[in-house]
Each structure stands twice: as structure tokens, then as C-alpha cells.
Amino acid sequence: MYDEVISFIRSLFPGKNFIHLHEPRFMGREKEYVNAAIDSTFVSSVGEFVNRFEEMICEYTGAGYAVATVNGTSALHAALMVAGVADGDEVITQPLTFVATANAIAYCRAHPIFVDVDRDTMGLAPEALKKFLDTRTEQAGGMSRNKNTGRRIAACVPMHTFGHPCRINQIAEICRKRNITLIEDAAESLGSTLHGRQTGTFGRFGIYSFNGNKTISCGGGGVIVTDDQALAAHAKHLTTTAKKPHSYLYEHDEVGFNYRMPNLNAALACAQMEQLEFFIANKRQLTAVYKKFFEKSGNIGFVNEQENARSNYWLNTVIMPDRKTRDTFLEETNNAKIMTRPAWNLLHSLPMYANCQTDGLKNAEWLADRIVNIPSSVRCSELQGRVF
Ligand SMILES: *Cc1c(COP(=O)(O)O)cnc(C)c1O
């Protein structure tokens, strides 16, 4: 049924037997930097590449401060803790996201609340957020409280799905008015912008991931960004076992985490950062080809970036007519060794989050039935002799 799509995708990745969803590419100075880290003997949580990587992130995103961590999940966990999210708090997020978003909330012993997404951005819907806050919460003592549970709404964690910026400026305004800390899960959207501003820099905190399947990767890695110097200092303290600076004493002043990114990974991350804009340009070129194909394919929809947004198009996304055609498409493409994937199971349907509050998840359910991610790696066939 989908033979034409299959041969089209094959033609985009010539010479590949199995076509992955998203492969990392190491085409720059990765080996040089990793060797330099080994030669320096600083391979662990202290070293010049960790500092350099944090500077590169600040320069690239425009954020004031960056704190590198072992992965995106730990970055999110630490950001929530530094924001003061604690036992018994509630945190609003979206049901259509990777499980790590809710896990990080649960690590703080806080309760996720799942609010609907927009169909076009696939990220948290400002209207749904506002409706939830207007009808289910009240303002008291300078904070928002859930009228049913009496708990504080401590934070809101929207996610930029598959690299597409959500309506983050509207979400920021809603949170600001109600004194709710905004933490952006920008794990998938490094390099994506809204009105020219980088996703991850609209909230009090933003986090990015450098896992193997992300736009750029350092094996495992994450980073927290913020414009607040004191919060950044606390994030660094908390992620480095909360050890007070001293030339020889082991003084720790709170329960800290061993979340610091090792210098070896940071070496890889620095080399990858140098290629980020080139990777995004290459990926956007692939998107343009996909878009043209699917626009004349009839009943398969293609998710485009929104007006005023630039998406990094981490994963290209098609929208199938219904769940049945989605399943056929997944079956046929995967049988043909083309890796395609459905959306994540909505988080409120997972056993550990089944009892969480939700609020009219129509769009999330509609999308979950129809989303398919298609191969989106940087294409080597389009390198045109480029060297770094
Ligand atoms: C990848 C990802 C994370 C977690 O990042 P890791 O580096 O894998 O821990 C968190 N949230 C979202 C939405 C992600 O896609």
C-alpha cells in the first residue's frame, strides 16, 4: 500500500540497507578533542571541555549561564529541584512527551498534571493551560493552588515536540501572571527558535539533551540553561554532590547528585556543537524534500514549522488519516527496513501515571493515533565535500 513512500524514502538515503530514524554523525573534530581529553588525563567531571561546552551553549542559545549534566533527564531533575519543586507539589506538563519529562517530576516527589497540546505545534496548548488554571486553581498567598487537592502548582514544563517550538511566549505569560515557574523541556529542540529566540531560553530554566538519537550527541549528556546567576550556581552545586569549594576538605551542605557531565563526553559535545548549524541546514533540506513529496501524496499530512518559528526538524513527522492506516504504515515501512515510529504512549496511560490529573486530552489523543516519525538523520549524500 505504501510502496511509493518506501521507495521514495530509500532514494533519500542511498547505499543504506537499514535506514535508522536518527543516527548520530561524527564528521568534525570529535577524535581530536576526545584524544586531547585523554592526553590531559582529565576524563571525568573536571576538565576544560566541560567549561568550554558550557560557554558554547551560552553563546549559541543566548542564555546567561549553562550547567552541563550527564543526561537530559538529570538536567530536568536538577532544574526542578533548584526551582524548589518538592514533595507534594504539582507540576503541569503535556501527556505527549517522552517519559523522562514526567519521571523528573516524580523524582521530586511532585505530581504531574497532564494538560492538552495544540494539534499544530504538538506542544502544550496555552488555551488548555489557561482553562485548567482558571477553572481548577485559585490564587492564594502569591501562588496557584489546585482547588481539588489543595496542593501548590509549583512549575510548568512544556516540551518542544520533535523540535517544533510550542507557543512558549503565550505559556510564559500565563505562568508569569500566576507565579508558576516555567521550565522548558527543550531536550529535542536545540537550535529551534520562535521569533528568533532560542527555545529553552523563554523560561526560568531550559534543558537540552545530547543523547545518541538527538540532533547532536555526545553519547550521553544534558545541559541546564538559565539567566539567573544564583540559580545557575545552585544548579552546578547540586549536580556536583553539593561539595563546598575547599582545597582539601570534603564539605557537603545538602543532598547533592553526581550529575556532572564527564570531560570525555564534553570533548565530543564541543566538536558536535561546531557542526550544529550545518546539521540543522542539512536536516531542513531533507524536510523540504519530504514536504514536497507528502503535499502531493494525498492523504498523508506533514507537520510543518509554525509561522515565526524555525524548527530544527529533529524528527520529521507525518500525520496518518487514522490509527488503522498508521499501523499499516508502521508495519510496511519497518518490514522494509525503514525505521519509523509512532508517538510515545500518552503518559497518563502508563501505569505509574495512570492516577494523575488530566484535563480534556482530545488533541493529544488525536495526534497519538496518527503521528509517525520518519527517518531524519543528517544525510551524508548531501555533504558536497564539506569538511570541518
Ligand atoms: C531525550 C529526551 C529527554 C531526556 O534526555 P536524556 O538525555 O535521554 O536523559 C527528556 N525529555 C524529552 C522530551 C526527550 O526527548
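This is a predicted model: local features need pLDDT of at least 70, side-chain atom pairs count only at pLDDT 80 or more; totals for chains, interfaces and linings use all residues.

Q: Which elements give two or more residues to the shell around the ligand?

A: Those are α4 (72–82) and α5 (99–107).

Q: Which residues come nearest to the ligand?

A: There are 15 residues around the ligand, and the nearest are Gly-72, Thr-73, Glu-188, Ser-209 and Lys-214.

Q: How far is Ser-209 from an oxygen of the ligand?

A: An N or O atom in the side chain of Ser-209 is 2.7 Å from a ligand oxygen atom.

Q: What about Gly-72, which part of that residue is 2.7 Å from a ligand oxygen?

A: For Gly-72 it's a polar backbone atom, at 2.7 Å from an oxygen atom of the ligand.

Q: How does the shell divide into nonpolar, polar and charged?

A: The shell residues come out as 4 nonpolar, 8 polar and 3 charged.

Q: OK, on to α4. How many residues of α4 are buried?

A: It's 9 of the 11, so α4 is largely enclosed by the rest of the structure.

Q: Which ones are they?

A: The buried residues in α4 are Gly-72, Ser-74, Ala-75, Leu-76, His-77, Ala-78, Ala-79, Leu-80 and Val-82. Gly-72 also turns up in the ligand shell, among the residues that come nearest.

Q: What caps the N-terminal end of α4?

A: Asn-71 does that, with a side-chain oxygen 3.2 Å from the backbone nitrogen of Thr-73.

Q: And after α4, which residue has a positive phi?

A: That's Gly-84, which follows α4 and has a phi near 90°.

Q: Which residue other than glycine has a positive phi near 60°?

A: Asn-179 has that phi. Its place is in the loop between α7 (168–177) and β7 (181–185).

Q: Is Asn-179 buried or exposed?

A: Asn-179 has a relative accessible area of 52%, and exposed means over 50%, so Asn-179 counts as exposed.

Q: What's the phi of Ala-242?

A: Ala-242 has a positive phi of about 55°, although it is not a glycine. Ala-242 lies in the loop between α8 and α9.

Q: Buried or exposed, that Ala-242?

A: Ala-242 counts as buried, because its relative accessibility is 0%.

Q: Where is Thr-240?

A: Thr-240 is found in the loop between α8 (229–239) and α9 (263–273). At 25% relative accessibility, Thr-240 counts as partly exposed.

Q: How far apart are the C-alpha atoms of Thr-240 and Met-261?

A: They are separated by 9.5 Å, and the two residues are 21 residues apart along the chain.

Q: Last topic, His-160. Where does His-160 lie?

A: His-160 lies in the loop between β6 (153–157) and α7.

Q: Why does His-160 count as buried?

A: Because the relative accessibility of His-160 is 0%, and buried means under 20%.

Q: Which side chain does a polar contact of 2.8 Å join to that of His-160?

A: The side chain of Glu-184 is the partner in that 2.8 Å polar contact.

Terms used: Residues are numbered from 1 along each chain as its sequence is written. Side-chain values use heavy atoms; hydrogens and water are left out. A residue is near a molecule or strand if one of its heavy atoms lies within 4 Å of it. A polar contact is a pair of N or O atoms within 3.5 Å; within protein, one must be able to donate a hydrogen and the other to accept it, and residues adjacent in sequence count only if both atoms are side-chain atoms. Helices (H or I, at least four residues) and strands (E, at least two) are DSSP runs, numbered from the N terminus. Ala, Val, Leu, Ile, Met, Phe, Trp, Tyr, Cys and Pro count as nonpolar, Asp, Glu, Lys and Arg as charged, and the others, Gly among them, as polar. Buried means under 20% relative accessible area, exposed over 50%, partly exposed in between (1.4 Å probe, protein chains only).
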